[in-house]
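User: I am new to this structure and would like to go through it by question and answer. Please show it first.

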Amino acid sequence: LAPPEAPAPMVDPYGFERPEDFDYAAYDEFLSAYLAVLTRRALKWSRLLQRDGGLSRTATDLNRTFPDNVRFQKTAQPCLQKALFNVLLAYGLHNQGVGYCQGMNFIAGYLLLITKSEEESFWLLDALVGRILPDYYSPAMLGLKMDQEVLAELVRMKLPAVAALLDGHGVLWTLVVSRWFICLFVDILPVETVLRIWDCLFNEGSKIIFRVALTLIKQHQAFILEATSVPDICDKFKQITSGSFVMQCHTFMQKVFSEPGSLSMTTITRLRESCRAALLAQR
């Protein structure tokens with residue numbers, strides 16, 4: 001007799017508990033193909049990192065941080081809540097102009113899950129908050145507000161029907177995308193997809209955030225345009241961050257670099273300057 005099949009794990013490789021309606025068949029199908037992609041990418045990264053000079057550049061809410069992750073639960077050995085506290089406390093002392101801002105706990109938590117090192121997580125957090133995303137987590141959050149307005153302008157340029165829908169209902173973009181920006185898609189998109197986005201974020205900078213947002217909106221434009229009310233719009237923006245499209249992270253990332261079309265830093269810089277000036281004028 002063949003041995004009985006092992007029960008499907010209720011926790012993913014990163015420690016997150018899977019929901020009751022998790023589609024194991026779809027995930028297994030994705031993973032069987034994605035393992036080959038991971039192998040190719042691991043070999044590519046290994047070759048890049050062996051080059052001379054390495055790879056060139058082309059108090060918190062502890063109890064609310066990943067309550068569905070077994071590694072952050074108090075019964076875990078070790079419990080990552082202590083490490084998370086250490087990283088956030090150290091960063092608050094290091095960058096007193098920022099201190100602690102809600103959203104940083106999710107980012108630092110992800111870094112700890114991946115690096116398993118407080119020191120590495122601290123310096124990666126410093127790269128994000130201090131260099132890649134300046135003013136996202138400062139008290140005024142000017143950089144965060146500015147980039148949300150930049151996305152709104154990009155949607156008006158590239159997806160005018162969606163922009164008209166939100167404008168027609170008086171929906172502020174911060175209402176539907178603020179968590180995308182402040183959490184950098186953590187707890188919004190699947191873990192593997194977030195990690196692929198973060199690879200680009202660390203290597204190429206913040207433009208990837210706009211590419212991901214535009215891809216999500218463009219891919220689901222017809223679905224979003226079915227909305228007839230403000231709650232309906234908000235619900236549809238929530239729904240577009242789940243499903244097979246975002247689970248298939250390799251295909252998703254290929255779409256991210258093709259679907260939005262041309263997106264130059266010159267355009268983003270120009271939009272940032274105008275949006276920043278408009279925000280400052282409102283203060």
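User: Which residues does D147 touch, not counting residues up to four places away in sequence?

Analyst: This is a predicted model, and contacts are read from its atoms. D147 sits in helix α5, which covers residues 142–158. Leaving out residues up to four places away in sequence, D147 touches Y136, F181, F210 and R272.

User: Is D147 buried or exposed?

Analyst: Buried means under 20% relative accessible area. The relative accessibility of D147 is 1%, so D147 counts as buried.

User: With which side chain does the side chain of D147 make a polar contact?

Analyst: Y136 is among the residues that D147 touches. The polar contact joins two side chains at 2.6 Å, and the partner of D147 is Y136.

User: What is the average pLDDT of the protein chain, and where is pLDDT below 50?

Analyst: The average pLDDT is 86, and 84% of the residues score at least 70. Residues 1–7 are below 50, and this stretch has zero contacts in the model beyond near neighbours in sequence. Where pLDDT is low, the predicted coordinates should not be read in detail. Another stretch stays under 50 and has 13 contacts beyond four places in sequence: residues 53–59.

User: Why is α3 described as largely enclosed by the rest of the structure?

Analyst: The buried residues of α3 include F106, I107, Y110 and L111. Their cover includes α2, α4, α7 (173–182) and α8. α3 is largely enclosed because the number of its twelve residues that are buried is eleven.

User: How far apart in space are I114 and L195, C-alpha to C-alpha?

Analyst: In sequence, I114 and L195 are 81 residues apart. In space, their C-alpha atoms are separated by 9.1 Å.

User: Which residue caps the N-terminal end of α4?

Analyst: Helix α4 runs over residues 118–132 and reaches 20 Å from its first C-alpha to its last, close to the 21 Å expected. At its N-terminal end, a side-chain oxygen of the capping residue lies 3.4 Å from the backbone nitrogen of E119. That capping residue is S117.

User: What covers the buried residues of α4?

Analyst: F122, L125, V129 and I132 are among the buried residues of α4. Their cover includes α2 (80–94), α3 (104–115) and α8 (191–204).

User: Which residues touch the most other members of the largest nonpolar core?

Analyst: In soluble globular proteins, nonpolar side chains tend to be buried together. The largest nonpolar core here has 85 residues. It draws at least three residues from each of domain 1 (54–132) and domain 2 (142–282). The residues touching the most other members are Y110, L125, Y137, W173, W180, W198 and F237.

User: Which residues does W198 touch, not counting residues up to four places away in sequence?

Analyst: W198 is one of the core residues that touch the most other members. Leaving out residues up to four places away in sequence, W198 touches I107, Y110, L111, L184 and V186.

Note on methods: Residues numbered from 1 in each chain as written. Predicted model: local features only at pLDDT ≥ 70, side-chain atom pairs only at ≥ 80, totals over all residues. Heavy atoms only, no water. pLDDT = per-residue confidence, 0-100. Contact = heavy atoms within 4.5 Å. Helix = DSSP H or I, 4+ residues; strand = E, 2+ residues; numbered from the N terminus. Expected span 1.5 Å × (residues − 1). Buried < 20%, exposed > 50% of the residue type's maximum accessible area, 1.4 Å probe, protein only. Polar contact = N/O pair within 3.5 Å; in protein donor to acceptor, adjacent residues only side chain to side chain. Core = buried A, V, L, I, M, F, W, Y, C linked by side-chain atoms within 4.5 Å. Domains from an automatic or database assignment.
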